[in-house]
Amino acid sequence: MSDDKTAPSDSTIDPFNQLQIIQNDDGTITRNWTNFPSTVATPNIPDEHHHTLDVLSKDVPVNQSKHTWVRIFVPCQALDPSSTAQLPLIVHFHGGGFVVLSAATSLFHDFCSNIAAKVPAVVASVEYRLAPEHRLPAAYDDAMEVLHWIKKTQEDWLHKYVDLSRCFLMGDSSGGNIAYHAGLRASAQVDDLLPLKIRGLILNYPFFGGVKRTESELRLVNDPFLPLCVNDLMWELALPIGVDRDNEYCNPTVGGGSKLLDHIRMLGWNVMVSGSSEDPLIDRQIEFVKMMERKGVKVICHLDQGGKHGFDDSDPVSAAKRRAVLDCIKDFVLSSADNRFRASE
């Protein structure tokens with residue numbers, strides 16, 4: 001790693017403009033959603049048209065005072081009255097640097113819909129509170145509240161179509177960070193979460209950081225998708241005031257890693273981490289995988305050449321990468337749920 005001060009940067013990049021946010025005097029931000037299209041849930045398609053859709057979705061409130069909710073995706077095949085099989089549950093956390101985007105953002109809606117159809121599984125995508133109005137650990141608190149809500153809810157789709165003993169936590173970018181930290185907390189609350197049983201974590205391009213720069217951060221300092229100045233701004237807005245990027249919320253390897261990883265190891269949870277060679281955070285992700293391996297956690301790592309941080313279906317390389325990750329997630333969920341997973345060498 002290199003010292004923070006050695007990182008060159010393009011002074012023409014305005015991180016606020018790139019994130020389409022405006023900082024207000026009271027510490028809040030105004031978000032411009034025009035370049036982040038959203039998709040409306042489709043819960044009530046007439047029966048005669050069900051064959052034209054692979055997946056239905058609906059939004060269900062969790063905590064109205066916090067404005068948190070979940071978007072539930074159910075593959076239409078599960079709605080067949082002749083089907084009695086219950087499906088794995090994937091609890092999903094969207095990306096956006098803890099600062100922007102939503103469970104309704106089209107990118108994440110489409111991704112969750114594709115996963116629900118491909119695995120098949122029921123997916124519950126979480127709308128959690130955003131920073132800086134709600135700095136970390138607010139998103140982790142919301143994640144845990146959702147898990148406790150799932151275990152006791154009588155919500156029809158979750159009650160009818162889900163096998164609560166086959167649950168996975170999944171997230172993209174900052175959502176991967178949330179899935180990891182929620183997993184740590186959940187590993188210490190196993191009995192309290194019953195009958196919900198977590199089998200593993202799926203971390204897609206997890207958003208981690210640290211004070212010292214990695215070689216990939218320096219090499220890709222002006223990456224068009226995630227330049228270093230944008231990375232730094234998101235952490236500045238998301239972390240508790242007064243802490244640096246070596247806080248455990250940002251840097252999971254600090255101090256050798258969380259002691260709660262011993263719980264994950266003993267529980268036999270499986271962890272999948274995916275990343276790309278041209279992601280500025282790739283070195284962080286590799287370091288994270290090595291840390292978990294040293295802790296004895298069963299982990300499989302999917303690293304592809306090319307691509308960038310996250311998914312972008314307008315880019316053929318990224319779209320192909322997304323399809324490959326979907327295949328990996330399907331194999332991971334089905335093998336982990338059946339206890340057939342083996343850690344990669």
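Author: A contact is defined as heavy atoms within 4.5 Å. In this protein, residues 24 or more positions apart account for 77% of the contacts with a separation of 6 or more. The model is predicted: local features need pLDDT of at least 70, side-chain atom pairs count only at pLDDT 80 or more, and totals for chains, interfaces and linings use all residues. Residues are numbered from 1 along each chain as its sequence is written, and side-chain values use heavy atoms, with hydrogens and water left out.

Reader: How many helices and strands does the protein have?

Author: Helices (H or I, at least four residues) and strands (E, at least two) are DSSP runs, numbered from the N terminus. The protein has 11 helices and 10 strands.

Reader: What percentage of the residues count as buried?

Author: Buried means under 20% relative accessible area, exposed over 50%, and partly exposed in between (1.4 Å probe, protein chains only). Of the 345 residues, 56% count as buried. In strand β3 (residues 55-63), 7 of the 9 residues are buried. L194, in the loop between α6 (190-193) and β8 (198-204), is partly exposed, with a relative accessible area of 38%.

Reader: In which sense do β3 and β4 pair?

Author: Two strands pair if DSSP finds at least two bridges between them. β3 and strand β4 (residues 68-75) pair in the antiparallel sense over 8 bridges, and D59 stands opposite R71 in β4. The two strands form a hairpin with 4 residues between them, and H67 in the turn has a positive phi of about 60°. In a regular strand, side chains alternate between the two faces of the sheet.

Reader: How many aromatic pairs are there by the ring rule?

Author: Rings of Phe, Tyr and Trp (its six-membered ring) pair if their centres lie within 6.5 Å; planes under 30 degrees apart count as stacked, over 60 as edge-to-face and the rest as tilted. The count is 9 aromatic pairs. One of them, F168 with F332, is edge-to-face, at 6.1 Å centre to centre and 65° between the planes. This pair links distant parts of the chain: F168 belongs to strand β7 (residues 162-172) and F332 to helix α11 (residues 316-337), 164 residues apart. F168 is buried at 0% relative accessible area, and F332 is buried at 3%.

Reader: Why is the pair of F207 and W235 stacked?

Author: The ring centres of F207 and W235 are 4.6 Å apart and their planes are at 0°, so the pair is stacked. F98, F207 and W235 form one aromatic cluster.
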